[in-house]
Amino acid sequence: MNDRLLFVCLGNICRSPAAEGVFLHQLKIQGLEKQFVVDSAGTGGWHVGRPADSRMRNAAAQRGILLPSRARQIKAEDLQTFDLILTMDADNLLNVQSLAGELGQIATARIKPMLSYASKTSLQEVPDPYYGGDAGFEEVLDLLEDACKGLLDELKSQA
Ligand code: 4NP
């Protein structure tokens with residue numbers, strides 16, 4: 001099983017901490033927490049050390065989902081220690097792929113767009129909710145609940 005997962009967005013205060021929290025929530029419901037290491041990171045470093053955006057935390061809390069993470073920036077070592085890196089948008093994907101390219105063969109993590117695991121949307125990117133209204137945070141959670149379910153189903157089927 002690919003059991004070490006890293007969710008990545010730009011700031012690591014909205015989308016990737018939400019993905020981490022949603023995935024952890026689904027693991028807990030299924031009693032699978034011990035089989036996975038789950039973390040999140042940003043390609044940018046502006047918000048390092050901060051908790052997830054309060055709008056994202058409040059929207060998640062309404063669904064019974066806690067977002068425990070503190071922002072950090074992705075580092076080269078992540079491409080060795082994680083099995084699978086899930087990116088939220090096309091910029092994140094390019095940035096992580098380029099970091100992997102710089103590292104060469106030691107970068108063993110697979111890198112996949114998060115919404116490649118979604119089944120209820122034709123979107124390929126999780127929209128950045130940071131500068132928008134409340135509906136954007138709900139849309140992020142809807143997309144991530146769908147994609148996390150698809151991701152977990154696939155990982156379980158490979159176990
Ligand atoms: P995230 O959202 O990448 O989903 O965490 C953002 C958070 C902050 C900024 C941009 C996107 N920012 O420009 O500060």
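Helix 2 and helix 5 cross in a right-handed way. Right-handed means that the near helix is turned clockwise from the far one, and left-handed means anticlockwise, by less than a right angle. Helices here are DSSP runs of H or I with at least four residues, strands are runs of E with at least two, and both are numbered from the N terminus.

Before going on, a word on the source. This is a predicted model, where local features need pLDDT of at least 70 and side-chain atom pairs count only at pLDDT 80 or more, while totals for chains, interfaces and linings use all residues. Residues are numbered from 1 along each chain as its sequence is written, and side-chain values use heavy atoms, with hydrogens and water left out.

Back to the helices. The axes of helix 2 and helix 5 come within 9 Å and cross at roughly 55°. That makes helix 2 oblique to helix 5. Angles under 35 degrees count as roughly parallel, over 145 as roughly antiparallel, 65 to 115 as roughly perpendicular, and the rest as oblique. An axis is a line fitted to C-alpha atoms, for helices over the stretch in contact, and angles run from 0 to 180 degrees between N-to-C directions.

Who makes the contact? From helix 2, Arg55, Met56, Ala59 and Ala60; from helix 5, Phe137, Glu138, Val140 and Leu141. Contact means heavy atoms within 4.5 Å. By class, that is six nonpolar, no polar and two charged residues. Ala, Val, Leu, Ile, Met, Phe, Trp, Tyr, Cys and Pro count as nonpolar, Asp, Glu, Lys and Arg as charged, and the others, Gly among them, as polar.

Now helix 1. Its axis and that of helix 5 come within 9 Å, crossing at roughly 50°. Helix 1 and helix 5 are therefore oblique to each other. This crossing is right-handed. On the helix 1 side, the contact includes Ala18, Val22 and Phe23; on the helix 5 side, Leu144, Cys148 and Leu151 are among the residues. The contact of helix 1 with helix 5 has 12 nonpolar, two polar and four charged residues.

Next, the core. In soluble globular proteins, nonpolar side chains tend to be buried together. A nonpolar core is a set of buried Ala, Val, Leu, Ile, Met, Phe, Trp, Tyr and Cys residues joined through side-chain atoms within 4.5 Å. Buried means under 20% relative accessible area, exposed over 50%, and partly exposed in between, with a 1.4 Å probe and protein chains only. The largest nonpolar core here has 38 residues, and Phe7, Met114 and Leu144 are among those with the most contacts inside it. Helix 5 gives the most to this core, with 10 residues. Apart from it lies another core, of 12 residues, including Leu6 and Val96.

Gly21 is in helix 1. Gly21 is buried, at 2% relative accessible area. Its C-alpha is 6.4 Å from that of Ile65, 44 residues away along the chain.

Asn12 sits in the loop between strand 1 and helix 1. Is Asn12 buried or exposed? At 1% relative accessibility, Asn12 counts as buried. Asn12 has a positive phi of about 60°, although it is not a glycine.

Last, Leu123, in the loop between strand 4 (110-113) and helix 5. Leu123 is partly exposed, at 35%. Leaving out residues up to four places away in sequence, Leu123 touches Leu115, Glu139 and Leu143.
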